[in-house]
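Hi,

Here is the structure I promised to pass on.

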Amino acid sequence: MSLRHSYTATVERNVIWKGEFASEPYESAWASEAIFFVRALEVSPEFSGSACVQISADGIHWADEGTRVELPARKDQVTFCKVAHFGGFLRLAGTLAPGKSIKVLVSLALKE
Amino acid sequence: MSMAASDPRLSRFDPLERIIFYDDFDEGIRGWSELIGNYEHSLDSMLPEYADMRPPMLSNLTMWDTGSAGSMEGMYALKLASRARTGSLATSIKRLTFRKRGHIQLECYFTFKPEASELRLSLNDVRAFGVLFDLQDGMNPEYRWMPHLRYLNAQGGEMINRWQMKSATRAFSNIGDSGETVSHFHLGPEHWEYIDAPVQTLAYNEIATKMNWHYLRLNVDLAERRFLSFQCNDLKYEGDPLKYISIPAMPNLNCMLNTAFWVETNRDKRAFLYLDSVLLSGEF
């Protein structure tokens, strides 16, 4: 019996997002499905914001995939989004309103 | 014919009598994880140099201009990718213990490149890559010791192309407030010494999207605590034993046999180290 490969990468850890942000590119060509989990380690007061999934053929040039994730609004809250059929590279990107910031731990759970 | 000679995946290696692990990354991530520093209560307690050593990934070496190359022997290689920030390190580690203090040998096929984000040669954009063992004696341990081998590709705007070793680490720092956790950063720019070996210019091949695979071998004697030799392609070093970091044994690391690879960028551009396959063999 062959089990499906799976792997979770911590693509951002203890990183503060404010203004324009993007997670580091992650190569995912071997996987057919993915979940981005975003956990808030700290948030600015009355925080709100979102990120979009971006895909890339080369890890350099990016396009919106169409999936969005609301970012967690309070400490230790977790939000997530699911994507499939994404080609080679994945990341989250977005822009937060002035004065808003969030310290995140972003996990990318991949499955064959 | 031995198994190693008759198996085309293994015949490119020269393993010692038993194979401890053979990692072909077509099979998956194979136990290679991101290196992280020690912490207590909060991630903020970590030494800042260890805070962001980047998760490894499985890459099919896809380039913007020519598409996918695949790995040397198959589709996927283990990829270490720094951030696009000068001095950023990506470090991946595999953690084992040993059952006999014998001779061990690490072999791998690797390649390295900067991210192909500019249409220029980019020859000196990767500062360095390297491999280390983190070892501690078994019963009644005296020492933790750490052989490091680094290829300094470039420093600033200067091409170096020399192999280095390291004989000292930074002072230990207490982490948190319990008195139970310490940490030391051993991959900083200090204490590197050139090995008495020639300049070795590894094939770069003109542009950032062409990769040539290279062979690397390290030999270490666990019983005598000696860093014996290394080979990269046609360069063989078999001179005086190489220097290594040595510190008093620590409380919970007996028989530790960790192997780590890293890559460091020389500019505000990502540096990549790719491993097609890694083989650790030994006498045990």
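Predicted model: local features only at pLDDT ≥ 70, side-chain atom pairs only at ≥ 80, totals over all residues.

Chain A has an open sheet of four strands, arranged in the order 1-9-4-7 with antiparallel pairing. Its edges are strand 1 (6-18) and strand 7 (78-84), each of which pairs on one side only. From one strand to the next, the twist averages 20°.

**Where chain A meets chain B**

The contact involves 15 residues of chain A and 19 residues of chain B. On the chain A side, strand 1 and strand 3 (26-27) each supply at least two residues. Strand 1 gives the largest share, six residues. Sorted by class, the chain A side has seven nonpolar, four polar and four charged residues.

**Two positive phi angles in chain B**

Ser122(B) is not a glycine, yet its phi is positive, about 65°. Ser122(B) belongs to the loop between strand 8 (103-114) and strand 9 (126-136) of chain B. It counts as partly exposed because it has 19 C-beta neighbours inside 10 Å, and a residue is buried at 20 or more.

Asn161(B), also a residue other than glycine, has a positive phi near 55°. Asn161(B) is located in strand 12 (residues 158-166) of chain B. With 14 C-beta neighbours inside 10 Å, Asn161(B) is therefore partly exposed.

Happy browsing!

Methods:
Residues numbered from 1 in each chain as written. Chains lettered and ligands numbered in written order. Pairing = 2+ DSSP bridges. Axes fitted to C-alpha atoms, helices over the stretch in contact; angles between N-to-C directions. Contact = placed C-beta atoms within 7 Å. Nonpolar A, V, L, I, M, F, W, Y, C, P; charged D, E, K, R; others polar. Buried ≥ 20, exposed ≤ 12 C-beta atoms within 10 Å, placed from the backbone.
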